[in-house]
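I opened my notebook to write down, one entry at a time, what I looked up in this structure.

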Amino acid sequence: MRIYRLIFLRELRKVFSYKANYIFSLMFYSSIIFLISIGLQGQNSILPNVAPSLIWVSIILVLFLSFEDIFQDDYYDGTLDIYRIENITFYGFALIKSISHWLANCLPMIIITPIIGILVNLDSEVILPMMITLIIGTPALSFIGCMGSSLILSLKIHGLIMPIIILPLFLPILVFGIGALDVLIFNGFEELFFRQLALLAGISGLSMAFCPIASAYIIKANYD
Amino acid sequence: MTLLVKNLSCYLSGRKIFSDISFSLKTGEVLKISGENGSGKTTLLRAISGLSSFESGEIFINKKEIFLLGHNAGIKQNLTVEEDLEFWSNFYQNEHDDKILKKLSLNSKIHSQCRYLSQGQKQKLALTRLFCSNKKIWLLDEPFSFLDEVSSLFLLTKIENHRQNNGIIIIVSHQNLIKNPDLSINLGDQ
């Protein structure tokens, strides 16, 4: 456990020392929203209604940029070799990678979402539930993304392989994440909202349980 | 402690890398592996360390005691030398020696990010991890690469000390710096 804590702290140090990475991610996230808002100029009544979809889709697009090199650095700089020799389980490592990816990539976007919400005229009552759905749903994106990243571990040229494989896995998260907020916007707080939230939490829980196992298996397969 | 390799053969995509390699090393012994580029020296080291699979043969080794110094030493470009040293000394629960840093002229680079280090300095940083590890079996793949003369001599002294402290060393090197290995294998002869 001591060693996994050390690795986790090193990962956090590593991801947060790439300041440009998450600053550009936040800028890209804001830019997508800003551009679409400008595109929908003159249709201000539509914007608050489509805002949840806009925010979720933008977050997924931004995250795709960060998925590619989650494990590749460690594969090419020999870190994975060292951990394998030192008997660090790939399961533990994938878990650490997924959590640190969420902290470095999803959390900053969730934090600036209230500002983004103002930009897209999102009702102030919807902003907090929006953040809650993001907090519940985005871990699934990170965990599934890490699994996808392990698939392209040893491929120097991978193009669109990973997005094509993992995009379908993002659909349920998108459906329930947007669905919960649509219920809230159009019908107010009702049971269906909480049901959709529970389903979203279920998907995140399943991703947290199974994706690191799959990642570990895929990474190991690269060695065998 | 003994390291025993019996009839080890390795093929990659149907091409023979090496075949029927056998040797045994006892504590305090050094094996030098040589051979031309592509003759399978690194693959042999990776097979012994358990990183690469092989077609046939057996390896008897205490895996907990292995340290592999390969071409890539797990150095993170955007962490500083100090952060790297701190991580590995906590990892191996063994304080790194400031005298070694001084000897390898790394002490002045302690606050530099690893991306700004030269290849030689990166190799020295990898060596500090080796000295910090307290492992008994050293698998060294071209450890003298990029090193200046002073650092090469320092490494030679460390290898000799490790040998005298009952360590086992397998060294892949094109240079003839290891003068009296207990065993030599030339994979180019295969």
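Before anything else I noted that two strands pair if DSSP finds at least two bridges between them, and that helices (H or I, at least four residues) and strands (E, at least two) are DSSP runs, numbered from the N terminus. With that settled, I looked up Tyr11(B) and found that its bridge partner in β2(B) is Lys16(B).

I also wrote down the ground rules. This is a predicted model, in which local features need pLDDT of at least 70 and side-chain atom pairs count only at pLDDT 80 or more, while totals for chains, interfaces and linings use all residues. Residues are numbered from 1 along each chain as its sequence is written, chains are lettered from A and ligands numbered from 1 in the order in which they are written, and side-chain values use heavy atoms, with hydrogens and water left out.

Leu4(B), for instance, stands opposite Ser24(B) in β2(B). Two residues lie between β1(B) and β2(B), which form a hairpin, and in the turn Ser13(B) has a positive phi of about 50 degrees.

I then turned to strand β4 (residues 56-60) of chain B, which pairs with β1(B) in the antiparallel sense over four bridges; here Ser9(B) has Ser56(B) as its bridge partner. Put together, these strands make an open sheet of three in the order β2-β1-β4 (chain B), with antiparallel pairing. I marked β2 and β4 of chain B as the edge strands, since each pairs on one side only.

Where does Lys26(B) lie? I found Lys26(B) in strand β2 of chain B, and its C-alpha atom is separated by 33 Å from that of Ser13(B), 13 residues apart along the chain. Leaving out residues up to four places away in sequence, Lys26(B) touches Met1(B), Thr2(B) and Ile168(B), where contact means heavy atoms within 4.5 Å.

**Entry: the five-stranded sheet**

What is the order of the strands in the open sheet of five? I read it as β5-β6-β7-β3-β8 (chain B), with parallel pairing, and its edge strands are β5 and β8 (183-186) of chain B. From one strand to the next the twist averages 10 degrees.

I checked one pair in detail: β5(B) and strand β6 (residues 137-141) of chain B are parallel and share four bridges, and Phe67(B) stands opposite Trp138(B) in β6(B). Helix α1(B) packs on the sheet, touching β3 (30-34), β5, β6 and β7 (168-172) of chain B, and its direction makes about 155 degrees with that of β6(B). For such angles, axes are lines fitted to C-alpha atoms, for helices over the stretch in contact, and values run from 0 to 180 degrees between N-to-C directions. Helix α4 (residues 119-133) of chain B lies across β5 and β6 of chain B, running at about 175 degrees to β5(B).

**Entry: where the two chains meet**

I counted 27 residues of chain B in contact with 24 residues of chain A. Between them the chains bury about 2,200 Å², 54% of it on carbon and sulfur atoms; buried area is the accessible area (1.4 Å probe) that two parts lose on being put together, summed over both.

How many salt bridges cross the interface of chain B and chain A? The rule (a side-chain nitrogen of Lys or Arg within 4 Å of a carboxyl oxygen of Asp or Glu) finds seven. One that I looked up joins the side chains of Arg46(B) and Asp81(A), at 2.8 Å from N to O. On the side of chain B that touches chain A, α1 (41-49), β5 (66-69) and α2 (81-91) of chain B each supply at least two residues, and α2(B) gives the most, with seven.

**Entry: a salt bridge within chain A**

Over all chains the structure holds 15 salt bridges. I picked out Lys14(A) and Asp74(A), whose side chains meet at 4.0 Å, N to O. Lys14(A) lies in helix α1 (residues 2-17) of chain A and Asp74(A) in helix α4 (residues 72-76) of chain A, so the pair ties together parts that are 60 residues apart in sequence.
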